[in-house]
Amino acid sequence: MAVNILLVDDDISTISVILDGVDWKKIGIENVYVAHNIMTAKKKFSEFKVDIVVCDIEMPMGSGIDFLKYLREKGSVVPFVILTNYGRFELAQAAIEYKVHSYLLKPLNLDKLENELLSIIHDLSIEHNMQMFDDENNYLVSSFWSDLLHNAICVRQRHFLFSMN
């Protein structure tokens with residue numbers, strides 16, 4: 001399963017540290033998209049298939065909470081990891097309200113970030129497998145009923161034709 005991530009932070013050095021410090025291939029990330037503000041993040045989220053968002057909470061032109069709220073209002077349940085320099089309760093409370101997956105404090109511990117991403121990828125893999133099972137199960141059930149009805153009709157037609165002779 002190919003997993004894509006969107007990194008959103010106005011601090012270019014933080015983005016560089018994350019890009020250089022995480023072994024993307026090892027943890028199963030295929031594409032890493034980057035945005036430095038919420039407007040660009042919204043555009044990239046709509047342009048690309050994004051499976052995970054890692055976003056700074058405090059940025060000019062919109063916060064990470066604003067972006068999280070926007071995604072939830074659009075119906076997206078994409079796992080969302082908040083990065084922040086602040087341990088303020090009201091920010092954490094707002095993040096929890098919009099079902100944030102994780103809340104990590106800066107300076108960022110890359111091992112901790114990788115572990116969070118691995119946990120999310122594991123959950124996504126389970127969801128993907130369950131969806132594939134459901135799709136296969138639905139196909140089998142509909143095929144069963146189709147075959148059953150088709151064969152029942154064929155049997156009735158043969159019975160009708162033989163009874164005419």
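Of the 23 residues in the largest nonpolar core of this predicted model, Leu6, Val8, Phe45, Val53, Cys55, Phe67 and Phe80 touch the most other members, a nonpolar core being a set of buried Ala, Val, Leu, Ile, Met, Phe, Trp, Tyr and Cys residues joined through side-chain atoms within 4.5 Å, and buried meaning under 20% relative accessible area with a 1.4 Å probe and protein chains only. At least two residues of this core are supplied by each of strand E1 (3-8), strand E2 (29-35), H3, strand E3 (52-56), H4, strand E4 (80-84) and helix H5 (89-97), where helices (H or I, at least four residues) and strands (E, at least two) are DSSP runs numbered from the N terminus. H4 gives the most to this core, with 4 residues. A second, separate core of 20 residues includes Leu7, Ile27, Val81 and Leu110.

Residues are numbered from 1 along each chain as its sequence is written, and side-chain values use heavy atoms, with hydrogens and water left out. Because the model is predicted, local features need pLDDT of at least 70 and side-chain atom pairs count only at pLDDT 80 or more, whereas totals for chains, interfaces and linings use all residues.

The strands form an open sheet of 5 strands in the order E2-E1-E3-E4-E5, with parallel pairing, two strands being paired if DSSP finds at least two bridges between them. E2 and strand E5 (102-105) stand at the edges with a single partner strand each, so one side of each is left without a neighbour in the sheet. E1 and E2, which run parallel, are joined by 6 bridges, and Leu7 stands opposite Val34 in E2. H3 packs on the sheet, touching E1, E2 and E3, and its direction makes about 165° with that of E1; angles run from 0 to 180 degrees between N-to-C directions, and axes are lines fitted to C-alpha atoms, for helices over the stretch in contact, with contact meaning heavy atoms within 4.5 Å. H4 likewise packs on the sheet, touching E1, E3 and E4, and its direction makes about 170° with that of E4.

The structure holds 4 aromatic pairs, defined by ring centres of Phe, Tyr and Trp (its six-membered ring) within 6.5 Å, with planes under 30 degrees apart counted as stacked, over 60 as edge-to-face and the rest as tilted. Phe45 and Phe67 form an edge-to-face pair, 6.4 Å centre to centre with 85° between the planes. This pair links Phe45 in helix H3 (residues 38-47) to Phe67 in helix H4 (residues 64-73), 22 residues apart, and both Phe45 and Phe67 are buried.

Conventions
Buried means under 20% relative accessible area, exposed over 50%, partly exposed in between (1.4 Å probe, protein chains only).
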